[in-house]
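Here are some exercises to work through with the coordinates open. Try each task yourself before you read its solution.

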Amino acid sequence: MKRFTTLTSRAIPLLRDNIDTDTVIPSREMKSTGRTGLADGLFAPWRYADAAARTPDPAFPLNQPEAAGQRILLAGANFGCGSSREHAVWALMEWGIACVIAPGFAPIFQANALRNGLLPVVLPAPAIAAMPWADVTIDLPAQTVACGQSVHPFAIAPEPKEMLLEGLDAIDLTLKARPQIDAWTARDRALRPWVYPEQQP
Amino acid sequence: MTGPRTFFAKIWDAHHVADTAAGAALIAIDRVFLHERTGAAALKAMAAAGRPVHDPARVFAVMDHIVDTRPGRGDQTLMPGGQAFITETREAALAAGITLFDVTDPDQGITHVISPELGIVLPGLTLVAPDSHTCTQGALGALAWGIGSSEAEHAMATGVLRLGRPQSMRVTFTGQLAPGVTAKDMALALLATHGAGGGAGHVVEFAGEAVRALDIESRMTLCNMATEFAAMTGIIAPDERTYAYLAGRRHAPPAFDHPHWQSLHTDHGATFDREIVIDAGALAPMVTWGTSPEHAVAVDGTVPQGPQRAHEYTGLAAGTPIKGTPIDAAFIGSCTNARLSDLRRAARLLKGRRISPAIRKALVVPGSMAVRRAAEAEGLDKVFADAGFEWRESGCSLCFYAGGEGFAPGSRTISSTNRNFEGRQGPGIRTHIASPETVAASALAGAIADPREMMR
Ligand code: SF4
């Protein structure tokens, strides 16, 4: 996973509530079983006046000239609701987004984001309302978002914070606990044998 | 000794393998279920990293999302590029040694329909799938939730997930549902009153007299929409009905006589982080008007003021009565409402009647091939066909649009599904979600209708 420490970028506003992952990356834009080639389909229903012809809608925030190369997205409440597709995170990251700031996230999107090095930051809506197109600095070690004169603290659980800062791979880390997992499984197998079917022939 | 615990806490504690250095927990995962939409990606990534599946006997996969539902189907699908998802999932599943329910398997069906049918999900288990509606399976008393592909890899490679402990919430439905009001309406009423973000951070236990009174299939409908509530998952404590439902299913244990099964409930006196109480007796059939499942109203109500974008997308202004809104298409299917009891209730309204000529496309897509066979044994397929519905093979079908088959451009659709997002059923398609009986009544009327007025 990519490391995340600090980031300064202009913040692109997409201040709508309940933005779902079908809209972030529609199913028809997920053209292969891989994780790449998704940026082009990011927000396709909103970003293109004609999605088939790929005619951009100039009014859509990501299409505005000042959005080019920027890395922070501002969104409304319950961002990333709906489908569990991790492609939503992969598409955002491939386009260049490294941090989404919203008043709240859907849980599966939030977990997917943290696993891939995309930082989801929860801030109150009024704080976000002051940020569109402003330069915003995220400081993950200090857990703050700075915009102009305001500095807002944000919460993140210690484990995902450490994993982001160090760029750790969750599976590698967990495999170090293999002896504990095996011991637990052996105990559980005696307690709940029905959980452990024999291997299919 | 511990004090009184919630049902959720009992499952969590029983699966707690270890704490991590930074205060999360390793939680053992008993079952992983994959489908072709996200399964091949997870299995292929593991193979590429040289990580084997830790215990293949506890991993299952099925073709449900992209697979065609037209009669005589094979690997070909109308979705552009869709065939690769099917063939790559098959290859990856075979290589990994997991159990696959393939396109022509008699047990094929939507993940969350077949897992209970086959007794793969059981009370007290943890089950994850890279699909948000995995919460459906909480109706069987399991802690079952949706994850992403990376987490699916993690669970398959290690047998555990690294998790922060969620909070607990109890949603109690008191009283009794009136005739024509269903579990779907309970879920929509919860969303309408507490919002699509209302359950964030929580595991929701559904409880109360009206929940106990639901059959197992209806409990699945209720738990299905826990993800629409932004909850980690929904769960219902098992009871006699649960064990009667599971008895004799292929992957279920031969008997449920171990004392463990009797311990799976919230202890008297246990406390939740949040409690919500809803009077089920006061509920009416619900239907959505907008582009979030929280945009739900009683079918005899009027469209409230919501986000302007939602009004523009659905073309319905605040103050408009929702009943009587003309529709072009009807869909009965999905992991929310495509089990046998759902089809029976819809068929009861449709029997001997024809849907309105205004309806350009009407589909019934059984939740599994087992549901399809059982429905055909009762003659439900004929009832649907005589009424003007197409009778399909099982799968997700037009619950979501993957390219390929779709509704006519601009269609207003009434669907027994769970998501009315912009474009969910196709670009520009306006979706109204409702119970199967409300879908059936509306298809007959050619406009959103109150099923209570057509019941007999
Ligand atoms: S039926 Fe619809 S909601 Fe259910 S798993 Fe399939 S696509 Fe998802």
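**Exercise 1.** Decide whether B:Lys361 is buried or exposed, and find the partner of its side chain.

*Solution.* Step 1: B:Lys361 has a relative accessible area of 19%. Buried means under 20%, exposed over 50% and partly exposed in between, with a 1.4 Å probe and protein chains only, so B:Lys361 counts as buried. Step 2: locate B:Lys361 in strand β16 (residues 361–364) of chain B; helices (H or I, at least four residues) and strands (E, at least two) are DSSP runs, numbered from the N terminus. Step 3: the side chains of B:Lys361 and B:Glu405 are joined by a polar contact of 3.0 Å. Such a contact is a pair of N or O atoms within 3.5 Å; within protein, one must be able to donate a hydrogen and the other to accept it, and residues adjacent in sequence count only if both atoms are side-chain atoms. Step 4: leaving aside neighbours within four places in sequence, the contacts (heavy atoms within 4.5 Å) of B:Lys361 include B:Asp328, B:Leu398 and B:Phe407.

A note on conventions: this is a predicted model, where local features need pLDDT of at least 70, side-chain atom pairs count only at pLDDT 80 or more, and totals for chains, interfaces and linings use all residues. Residues are numbered from 1 along each chain as its sequence is written, chains are lettered from A and ligands numbered from 1 in the order in which they are written, and side-chain values use heavy atoms, with hydrogens and water left out.

**Exercise 2.** Find which residues of chain A touch B:Ser132.

*Solution.* Step 1: go to the loop between β6 (126–129) and β7 (143–146) of chain B, which holds B:Ser132. Step 2: B:Ser132 is buried, at a relative accessible area of 4%. Step 3: its side chain makes a polar contact of 2.9 Å with the side chain of B:Arg419. Step 4: from chain A, B:Ser132 touches A:Gly82, A:Ser83, A:Ser84 and A:Ile108. Step 5: follow A:Ile108, one of the buried residues of α4(A). Helix α4 (residues 107–116) of chain A has 7 of its 10 residues buried, and A:Gly117, with a positive phi near 90°, follows α4(A).

**Exercise 3.** Describe the interface of chain B and chain A: how many residues are in contact, and which of chain B lose the most area?

*Solution.* Step 1: 70 residues of chain B are in contact with 53 residues of chain A. Step 2: the buried area (accessible area lost on being put together, 1.4 Å probe, summed over both parts) is about 4,800 Å², with 54% from carbon and sulfur atoms. Step 3: B:Ala22, B:Arg51 and B:Arg162 lose the most area in chain B, together 12% of what that side buries. Step 4: there are 7 salt bridges between the chains, each a side-chain nitrogen of Lys or Arg within 4 Å of a carboxyl oxygen of Asp or Glu. One salt bridge joins A:Asp169 and B:Arg51 (3.1 Å, N to O). On the side of chain B that touches chain A, α5(B) gives the most, with 7 residues.

Terms used
Buried area = accessible area lost by both parts, 1.4 Å probe.
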